[in-house]
Amino acid sequence: MATGSLSSVPKRLRMVEDFSCTRCLEQNLTESADIYCEKCEWFYCKKCVILHSQFYTKHMTCGREDIKKWPVSKAVEDFLRKCEVHEDETLTQFCHDHSQLCCSACVGTIHSAEK
């Protein structure tokens, strides 16, 4: 069993959160999603899914037991696209010399210097 504290995990990795309810996010609330609707392509918490189920009786939904069917969350997608060196930059290019993804700032500094 792995042991350790959160302080040993880089801050960048701790920023990725669980799936959030889409409806709650629209109201500036953060509530963990329990259900994903394949038709709406939205995530719902236990409270919001009640109304969704009443209005859309024929929509197929997946609970957390079927989380493999859920798409990648926006937070995870954004996290994966962030440059580790330039945190405000998005990975947009591939450096063949280093075999890694990089942002435009890295291309101008790190990846252009070694030729």
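pLDDT is the predictor's confidence in each residue, from 0 to 100. The model is predicted: local features need pLDDT of at least 70, side-chain atom pairs count only at pLDDT 80 or more, and totals for chains, interfaces and linings use all residues. Residues are numbered from 1 along each chain as its sequence is written, and side-chain values use heavy atoms, with hydrogens and water left out.

The chain has a mean pLDDT of 80, with 81% of its residues at 70 or more. Helices (DSSP runs of H or I, at least four residues) and strands (runs of E, at least two) are numbered from the N terminus. Confidence is lowest in helix 1 (residues 11–14), at a mean of 43, and highest in helix 3 (residues 46–55), at 95. Over residues 1–16, pLDDT stays under 50, and the model has nine contacts beyond four places in sequence for them; a contact means heavy atoms within 4.5 Å. Where pLDDT is low, the predicted coordinates should not be read in detail.

Six helices and five strands make up the secondary structure of the chain, in the order α-α-β-β-α-β-α-β-β-α-α along the sequence. Among contacts between residues at least 6 apart in sequence, 31% join residues at least 24 apart.

Of the 115 residues, 23% count as buried, that is, under 20% relative accessible area (1.4 Å probe, protein chains only), while exposed means over 50% and partly exposed lies in between. Phe55 belongs to helix 3 and counts as exposed because its relative accessibility is 62%.
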